[in-house]
Amino acid sequence: MNMGTFVSALLLLWLLPCAQSKYIAYNTTSRVVPGKLNVHLVPHTHDDVGWKKTVDQYYVGSNNNIQGACVQNELDSIVPALLTDKNRKFIYAEQAFFQRWWRDQSEQVQNTVKQLVNSGQLEFVNGGMCMHDEATTHYIDMIDQTTLGHRFIKEEFGVTPRIGWQIDSFGHSSVQAYLLGAEVGFDSVFFARIDYQDRTKRKAEKTLEVVWRASNSLDSSAQIFAGAFPENYVPPSDFQFEVNDDSPIVQDDYNLFDYNVLERVNEFVSAAISQANITRTNHVMWTMGNDFQYQYAHTWFRQLDKFIHYVNQDGRINALYSTPSIYTDAKHASNEQWPLKTGDFFPYADRINLYWTGYFTSRPALKGYVRMLSGYYLAARQLEFLTGRKKLGPNTDSLAEALAIAQHHDAVTGTERQHVADDYTKRLSVGYTEAKDVVAASLGCMIKTPRTASCNSSETKIQQCPLLNISYCPPSEVDLSNGKKLVVVVYNSLGWKRQDAIRVPVVSEDVSVQDSSGRVVQSQLLPIVNVTLGIRNYYTLAYLGKSPTMTPKYWLAFTVNVPPLGFSSYIISSAKGKVAAATSERQVMFASERGMNHTVEIGEGNLKLVYSGNGARQVEYINSRSSVKAPLEQSYSFYSGDDGSVDFQPSGAYIFRPNGTYPIKNDRKVPLTILRGPLVDEVHQRINSWIYQIIRVYKKKEHVEVEFTVGPIPIDDDIGKEVVTKIRTTINNNKTFYTDSNGRDFLKRIRNYREDWDLKVNQPVAGNYYPINLGLYIRDDNTELSVLVDRPVGGSSIIDGQLELMLHRRLLQDDDKGVAEALNETLCVIDDCRGLTIMGKYYLRIDPSGKGAKWRRTFGQEIYSPLLLAFTEQEGNDRAHSYRTTFSALASSYTLPDNIALITLQELEDGNVLLRLAHLYEIGEDKDLSVMASVELKKLFPDKKINRIVDLNLSANQEKADMLKRRLVWRVEGSPEGANPVRGGPVDPIELVVELAPMEIRTFVRAAYGRETQAAVTWVARGRATSGGPRLGRATLAELEVAQPRATSTGGRSPSPNRQL
């Protein structure tokens, strides 16, 4: 024992209470002490919004044979524990749980909790509905779920969260840092999961805490202080005190055996000094909690009270109850210079051979469903706004909450158990069902004539087809020979005009298509293949409980022209006396015909594909407009999933650990089928018994569409498989490729390289996989290849000239990361059980080098926001006089600039309207479009009188000017101040023009007529009643904006849509 420890021991013995005393008043009043090492004890719990159990099971504490967790008990226990001592503190993140609990509380309890929030004892961190994933989420979904939580917090408590708290996401994105961090108004963001090699280096160099400058376009104007924990989001070893934990408690009753105050204080001081040695300044944070902790909060707080009391009596260091806000302020006050971090924290490995890159693709059906409903939700909110949100009746709130929960880092990631995945899907289905009614009512109202007709009700029956991807669409599968006419209403949620080809299943070839003026529209019939019909029959029975009554023979494809933020109508009828749809010319190539000198050309427009003698794989890509001529080869392979037999670490839901790669060869005995027509050419290829592919080239498009059907993946050989498609070119990309970050920025990747440390390569495939939400590309001095996706996947460039995407995974082992279930998705219909089958699309294009950005950005937006199709029947013969056949919410001839997207247009429950505009391009990405752009609000909303507009932060819970005034300014090591990019300026109240700089997103809120708020846009709607209200001051913006998400009923719901497809 050294002299310091000896003196401390004597001091503690002198301070011991007399043997007769049993009550000790612990002194927990400590605050930050200058000159001492300050240990910030941050009590917290991490509550997964679904994982092993469903979100409701976690909340009420049911199904505890899987996991003993009850969030309701946590919150019930935390409140009285905080009331016991005003110095105690607690932080909470997941609003999906908190709002459930809040709705169950009495007014008295709610008032008490408000006092705890106002005093700083209870602090909300993150503030979203969930702790969203950062790899497989789209930035619009991330914004929406965060806004939903922030609005509630402002509404109920009048506060704005300051701290990002992404402690359990499996890697961390640049979009999270600058967009969901700095642009939201956070002062800092903290997380736990970074690569083990990166963590080791950062510990040695004291660089776990950094200034993260994650946007090349917004640069230092969107930087944020970021901290990675030394290990995980748990306390140091032997300092965890949930009921039945085995950490030694502080036994300070001198009359009992095992008295250990001195021992525990010494262990505390030692652990604190150890962490201080890898941390800058005299402040360290201890995250005092874990998953679903504080179910009996007193077990934690009793021990923390004792540690604070005795450690501070010891005097060597200072311990205090704290929060991340207090910790951040202390770090800032130190005036320290911090190292600079750029880029992101992907991919993530927690130790050798354990790359968490499999979840980028896991549960691809769920990922596709989430992405499809995300775009649908964007459109549904617009339509709800255009016709006015109803006080009674269906709205989009249920879908909003279901999508918000689905962004959780164990939801859309595919890392949950199967019954939990089913629960997410059910919630999404319930939300869709109600939103579908909103869309139907809105469109039914909007197509009525005259235009001033009331929208309170509509007699027009509008139907939609959520299973259109598998060719199931009852409204279009009708017999038109008796004179019936089908009206297809096509809604465009984008802010620019759109020309695209759509397709619907029909039962007869005797059909014709006309536009709203009665002009015949060129159309084409394509046979529905047996693979699609088989999937249609199986999954329709599975999810609707009944088999289809009819079998369509053809896809009817035709080109539509749709105005911005509006719709066009088309009529499908019998072809009697009209020009019938063109039948596709069919050509079949058998193996014997695929000679080396035989070629097949498809494509009637600028783009042509020339198939060589190999038929299915080798293609020449020719674009006559751009003068691109390049060889292209597309193939399929699978990685066999490691079964863990060597070192007990298999491939699983989280982990991608390949054990060899195997090409999937085309079955040359199966013929190659080519379909040609006036709109589109198709090449049908059966790759093997469980992979089918259709390659499409549209006459008026300059990209290739690839539709794939993969599954069920065979496992009769007891080998799990991870299926990839590879696109190979002659591009010399020199190990470099580019992947998107949450559908927003593109980041440069270099194979087998990390910018922040010298990478030791142990997994050359899995360690080079990155999350793909929008797309990826490679380039050299001459050309660039871009591939865009319809859902989150994993992807990479494993060899030069090649891109690959992982499309599907089926594995037989659990990867020992907690879910305790193999990723082996199976569906049973009666006694017919099959593995998961996936239908999806990706798109590719080759451009001259540096010319691909416009396609990636424009078409990427069209993928996210597909045309919304609705169906009704024509009443009478003169539709033009009885219905409005075309509509645009924008002023005549006005469209949004090519580089601007309208990403939010939503009427809130009280009449306020949320508006977001996003610049789509980065600085330097395109010579014409990476520039300042402007939007004329008077033309965006010509039927609205805009009285006042104020800029808000990203999550719309504070004025942006106030946020910027409060923003902490951090010193950066080496003084690299970075660029200070020009942002869009203030909005002139007369001109009402919004400017947006590259990668800038601007958010506004307008108040209902008769209301005012400092952070609001006051618009007066013409021709539509708006409710009045009192004039309110600036104190509570959110009191005007938000209503609590209401409970949803599952009674009378329609069956869940296709989870598998």
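**Entry 1: Leu844 and the cores**

I started at leucine 844 and listed its contacts (heavy atoms within 4.5 Å). Setting aside residues up to four places away in sequence, leucine 844 touches Tyr621, Leu632, His703, Val704, Val706, Ile727, Leu785, Ser786, Val787 and Trp855. Apart from it lies another core, which has 58 residues, including Leu366, Leu373, Leu403 and Ala889. Leu844 itself belongs to the largest nonpolar core, of 126 residues, where Phe98, Phe268, Trp286 and Leu844 have the most contacts inside the core. For my own record, a nonpolar core is a set of buried Ala, Val, Leu, Ile, Met, Phe, Trp, Tyr and Cys residues joined through side-chain atoms within 4.5 Å. Buried means under 20% relative accessible area, exposed means over 50%, and partly exposed is in between (1.4 Å probe, protein chains only).

**Entry 2: What kind of model this is**

I noted that this is a predicted model, in which local features need pLDDT of at least 70 and side-chain atom pairs count only at pLDDT 80 or more, while totals for chains, interfaces and linings use all residues. Residues are numbered from 1 along each chain as its sequence is written, and side-chain values use heavy atoms, with hydrogens and water left out.

I then checked pLDDT, the predictor's confidence in each residue, from 0 to 100. The protein chain has a mean pLDDT of 90, and 89% of its residues reach 70 or more. Where does pLDDT stay under 50? I found residues 12-19, with nine contacts beyond four places in sequence, and residues 1008-1061, with 160 such contacts in the model.

**Entry 3: The ten-strand sheet**

Next I traced a sheet, taking helices (H or I, at least four residues) and strands (E, at least two) as DSSP runs numbered from the N terminus. Two strands pair if DSSP finds at least two bridges between them. The sheet is open, with ten strands in the order β21-β27-β28-β29-β30-β41-β36-β35-β32-β33 and antiparallel pairing. At the edges I found β21 (585-589) and β33 (745-750), each pairing on one side only. On average, neighbouring strands of this sheet are turned by 20° against each other, direction ignored.

I looked at one pair in detail: β28 (residues 680-688) and β29 (residues 691-698) are antiparallel over eight bridges. Aspartate 681 stands opposite valine 697 in β29.

Helix α16 (residues 853-864) lies across β33, β35 (775-779), β36 (783-789) and β41 (838-848), and runs at about 10° to β36. Axes here are lines fitted to C-alpha atoms, for helices over the stretch in contact, and angles run from 0 to 180 degrees between N-to-C directions.

**Entry 4: Strand β46**

**Entry 5: Ser174**

Leaving aside neighbours within four places in sequence, serine 174 is in contact with Trp212, Ala214, Gly343, Asp344, Ser741 and Leu747.

**Entry 6: Salt bridges**

I searched for salt bridges (a side-chain nitrogen of Lys or Arg within 4 Å of a carboxyl oxygen of Asp or Glu). The whole structure has 56 of them.

Glutamate 205 pairs with lysine 201, the closest N and O atoms being 3.1 Å apart. The two are separated by about one helical turn, because they are four residues apart in helix α8 (residues 196-205).

Arginine 857 forms a salt bridge with glutamate 925, with closest N and O atoms 3.0 Å apart. This pair links distant parts of the chain: arginine 857 is in helix α16 and glutamate 925 in the loop between β45 (913-919) and β46, 68 residues apart. Arginine 857 is buried at 4% relative accessibility, and glutamate 925 is buried at 16%. Finally, I noted one network in which salt bridges that share partners join Arg503, Glu682, Arg696, Glu705, Glu707 and Lys841.
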